[in-house]
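Q: Let us read this fold one feature at a time. Where do we begin?

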Amino acid sequence: MATLSPTGRRQLDEQGYLVLADFMGADLLKRLREAVADRFALEGDDAGAEYKREPGCRRLANLVDKGDIFRDIIARPGVLACVHGVLGDKIKLSSLNARCVPAHCDVVQPLHADMGALADERGYWVCNTIWLLDPFTRDNGALRLIPGSHRWRRLPDELPDRRAPHPDEILITGNAGDVIVMNAHLWHGGTANRTDHSRTAVHAFYARRDKPQQQYQKQLLRPEVQASLSPELRELLALDDPVNDAVTTQAVRQSGFMK
Ligand SMILES: O=C(O)CCC(=O)C(=O)O
């Protein structure tokens, strides 16, 4: 069973993020890149329609429904061990999306916590994992974040301009094939792409089991896909979980910044 090293745990606890260098390996990276490119081509202008659109960027949503490779990556033990390190024993997938920042895209996301989530009396409840399909460089729209801000238990909404550079922010650069695990209460956001090439990542987003999913998997996955899933995947997707049905159908689901 994969475990989180003491150093990794400390990094996640204190800084709120951890980079798993070359987690994917060449073969998975190639297959994931192809699968995401195929979906963008297939979905065209409808891409991302199941969730919220982000002006200037291209997104895909509901990816668990859209291929074995997507169902494979959400259950990788090395990543799940990190997610458990943030959220505790009881986790589920909240959503699986892709985000492409096109070449010369000047969109700077406002600093946000995913789903506008604040940690509660039980602790943290959102954790994102960002699968780099292209390198993240200083110029192509790498992720910016404020180390340690997940511990503040405040939202960046208090800032006068959430798009402005923050004095404590850092850019997380990395290679294609890396996975960034992030306590999603951390103040973070995507940056502008000043290069000639697009920059794409897949976001596998997890939640604590007592909280709503960002995308209600039971409603979004086609019946034939649901019928094909292993018991472990059904559990991870909370398909047979009345608590998830109740909290997810009642919730007003927010992205953190998208309308
Ligand atoms: O793709 C990224 O760099 C992160 C984007 C992000 O934080 C988001 O879409 O919520």
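A: Begin with pairing: two strands pair if DSSP finds at least two bridges between them. Keep in mind that the model is predicted.

Q: In what order do the 6 strands of the open sheet run, and how do they pair?
A: Strands of a sheet pair through backbone hydrogen bonds, either parallel or antiparallel. Here the order is 1-7-4-9-3-2, and the pairing is antiparallel. Strand 1 and strand 2 (58-60) are the edge strands, each pairing on one side only. On average, neighbouring strands of this sheet are turned by 20° against each other, direction ignored.

Q: How many bridges join strand 4 to strand 9, and how many join strand 4 to strand 7?
A: Strand 4 and strand 9 (residues 199-208) run antiparallel and are joined by 7 bridges. Trp131 has Val202 of strand 9 as its bridge partner. Strand 4 and strand 7 (residues 179-183) also run antiparallel, with 5 bridges. There, Cys127 stands opposite Asn183 of strand 7.

Q: Which residues point each way from strand 4?
A: In a regular strand the side chains alternate between the two faces of the sheet. From strand 4, Val126, Asn128, Ile130 and Leu132 point one way. Cys127, Thr129 and Trp131 point the other way. All of these residues are buried. The count for strand 4 (residues 126-132) is 7 buried residues of 7.

Q: How many residues of strand 7 are buried?
A: The count is 5 of 5, so strand 7 is largely enclosed by the rest of the structure. Val179, Val181 and Asn183 point one way, Ile180 and Met182 the other. Again, all are buried.

Q: What is the strand order of the open sheet of 3 strands?
A: The order is 6-5-8, with antiparallel pairing. Strand 5 (residues 143-145) pairs with strand 8 over 3 bridges, in the antiparallel sense. Arg144 has Gly189 of strand 8 as its bridge partner.

Q: Which strand gives the most to the shell around the ligand?
A: Strand 8 (residues 188-190) does, with 3 residues. The ligand is surrounded by 10 residues. The closest are Arg99, Leu143, His188, Gly190 and Ala201. By class, the shell divides into 3 nonpolar, 5 polar and 2 charged residues.

Q: What span should the 19 residues of helix 2 have?
A: Take 1.5 Å a residue. Helix 2 (residues 25-43) should then span 27 Å, and its end C-alpha atoms are 27 Å apart, which agrees.

Q: Which residues of helix 2 are buried, and which are exposed on the other side?
A: The buried residues of helix 2 are Leu32, Ala35 and Val36. Seen down the axis of helix 2, the buried residues fall within an arc of 95°, so they line one face of the helix. On the other side, Ala26, Asp27, Glu34, Asp38 and Ala41 are exposed.

Q: Where are Asp22 and Ala238 found?
A: Asp22 is in the loop between strand 1 (17-20) and helix 2. Ala238 is in the loop between helix 7 (231-236) and helix 8 (242-250).

How values were computed. Residues numbered from 1 in each chain as written. Predicted model: local features only at pLDDT ≥ 70, side-chain atom pairs only at ≥ 80, totals over all residues. Near = placed C-beta within 6 Å. Helix = DSSP H or I, 4+ residues; strand = E, 2+ residues; numbered from the N terminus. Nonpolar A, V, L, I, M, F, W, Y, C, P; charged D, E, K, R; others polar. Expected span 1.5 Å × (residues − 1). Buried ≥ 20, exposed ≤ 12 C-beta atoms within 10 Å, placed from the backbone. Arc of directions from axis to C-beta. Axes fitted to C-alpha atoms, helices over the stretch in contact; angles between N-to-C directions.
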